[in-house]
Structures are given as C-alpha cells and as structure tokens.
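Hello,

Here is the structure for your files. My notes follow below it.

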Amino acid sequence: MREIRSTKLLESVVDITAEADREHFRSSLSGAIRELLNIEDVGFLRPMSDASGELVFQELHYVAMRPRAADNRPDEDARPRQLRTEQITAMVRMGYSLQSADDHSTLLLPVLVREALTEVVVLRAPLIPSDVVAMLRGFVRLYRNFVAVINEGERDALTGLLNRRVLETRLSEVARDNARRHAVVHVREDGERRQVRDLTPHFIAVLDIDHFKRVNDSFGHLFGDEVILLVSQLMREEFRDDDMLFRYGGEEFVAILATHTRQGAMAALERFRSRVAARRFPQLNQVTISAGLAEMRGRELAAAVIARADRALYCAKDDGRNRVYDYDDLSAKGRFTEEKAGNEVELF
C-alpha cells in the first residue's frame, strides 16, 4: 500500500510540475493534495493592503476549489472575497493548525519567495496528522519554487515590474472577462431568455517619463537606467497592491488600475504624477511624467485600449507634459475623432 501511494505521489509531482502557468499549477496541486492526502479543501490567499493600508488576504483560485452544480456551472457564491482576520496572520507566523468549531482542522502554510510572503496555502480536513503536515509542507515548497521561477520570467530585470509579455496576457484576460460580463444570458424558470449586463469598467493607463532622451544624451544610459528604476520604485509605493504595473519598454510604463471609476483612476494617476514631480532626482533636480488613461470596452482587442491611452498620453506631451489626460474627456472636447469600430491594430 505504501509503495502504491509513493508511486501515485511521484506521478502527481511529475504531472504538477509539467504545468506552465499559475492557474493550472494550482488546480493540479490542489487536486493531488485532496486525492492523496484526504484534504477536503485547498485554497490560496494573497496578502495585500486595502485602501486604508490595512493588511487583508485576497482569495485566489476560489471557483476551482468549490464543487460544481449538476449542470457543471461553478457555484454562484464561489467568488473572490477579502478576508480580514488576526487568526490568519497568527497561523501563518506560527505555522500550525487550529481546530475549528465544526471539528475541522485548518492549516495555513506561507509561500515565501526571497523571504517575502507572496501567498498562503490554506488546507482544511477533519484531521491533519503530523506526517501529513510534513508532506503538505513539501508540496508548498514545490509550489514556492514554481512561483519563484514564474516570477523571474514575468518580471522586468531592471525595475522588477511585470514585463510586456505578461501585459499581453493580462490585457487579454481582462478583455475576455469584459466581454463575458457585458453580455451574460440568464434563463428564467419559465424558459424566457434575458440578457443582463454588468457594466463595471476597467481602466488602463500608459505613462512616460518626460524628456527622457535628454537624460540619456546628457548623462548616459546608466544614469537613465537609474531614473527608470527610481520612477518604478515610486510606482510600487504609490499605487495599490492590486493595481498591475508593467514596464512597457524603455521609459514607458502601463498600469491596469483596480479602481472601477474614472474619477478614482484619474486621482490615482494624479497622485503619482505629483509624487514624481516632488521627488528630487540626483543631478536632474526634477523629473516629470505624463500619462494617458483609457477605459477598456466590452469586446475590443487589448491593443485598441492601449492605442487610445497612448493617444491621450501624446496629447499630454503636446500640451506641455507633466499632466494626466483621459481619452474620453479629450474626445468629448473634439481633440480627435473616434477610431473606427473593429480597429485591429496589433501592438504586441
């Protein structure tokens, strides 16, 4: 029996490590843990700060953890939630399991990459023996190594921000989600079909360091790299943890903003613009940035929203730089005409 279990364990590890992205890796890992170690529930939490700076834990991969209904659709309540609890941080710090009121043990194991807490693996079962805990820790180490490798491939070497290749993937995911949420068909009990639209928007910004060519020409590329690095550090400090920040190329950056209001997106960009302008850079004294904002529409290509944000950015440049412009606002003022429907310019 032990030999059979060891063989299954080895086969599961081989299957898990063959996965190429986080979502499939989490699915394979949670499936193997449930099957081999009789763990009922396997979840993943991401630590992040909310708008007030308080530590919260955002559930990841939540739908895949829940049993599906008879028609094979995910449970309607299986959606990401933010968890606020001192018990989570205590369990992560101590690394032990707690017995809950329903006679289930809950074990939280931290995923540390370069000594930074990146995720927390949550496991629940009626009983988690010590030998099973040891195996679970091994699975988490496997996942930690995978996350470290993926992070290296997703990050820009100079700034540590997400790179352009990941931007293409993330924008495509947002576009698919947008299309799905903008046209969801519900079938009522009487058989009538009706369409319900969720119009929650996504906002994309393109940001650029002003007069960057002068920096390279006057001080050299090494100094230019230092300016890019300092600006990227300010981005990580100023934007929220759930905003996605990318180095698009050279001195240009892209942000997928977590806010769902145009006012919130503009406010976030203005705060960052002001923060950069107030910072004193070595030798240069002042560096400024310009930014263009665009809303991602229902079924458009990812490249189209980047193109609109880019046009808003260059209007900001033309008007003197060190400012943030919104594409829709500029369009309403007649600065340029709307692109033709079905624009399929590919930027990636």
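Aspartate 210 sits in the loop between β9 and α7 (helices, H or I of at least four residues, and strands, E of at least two, are DSSP runs numbered from the N terminus). The model is predicted: local features need pLDDT of at least 70, side-chain atom pairs count only at pLDDT 80 or more, and totals for chains, interfaces and linings use all residues. Residues are numbered from 1 along each chain as its sequence is written, and side-chain values use heavy atoms, with hydrogens and water left out.

Aspartate 210 counts as buried because its relative accessibility is 5% (buried is under 20% relative accessible area, exposed over 50%, partly exposed in between; 1.4 Å probe, protein chains only). Its side chain makes a polar contact of 2.8 Å with the side chain of lysine 317 (a pair of N or O atoms within 3.5 Å; within protein, one must be able to donate a hydrogen and the other to accept it, and residues adjacent in sequence count only if both atoms are side-chain atoms). A polar atom of the aspartate 210 side chain also lies 3.5 Å from the backbone nitrogen of isoleucine 289.

Now the core. The largest nonpolar core has 30 residues (buried Ala, Val, Leu, Ile, Met, Phe, Trp, Tyr and Cys joined through side-chain atoms within 4.5 Å). Leu207, Ile209, Val227 and Phe272 have the most contacts inside it. α8 gives the most to this core: seven residues. Apart from it lies another core, of 26 residues, with Cys315 and Leu330 among them.

Overall, the protein has 11 helices and 15 strands. Buried residues make up 43% of its 348 residues.

Best regards
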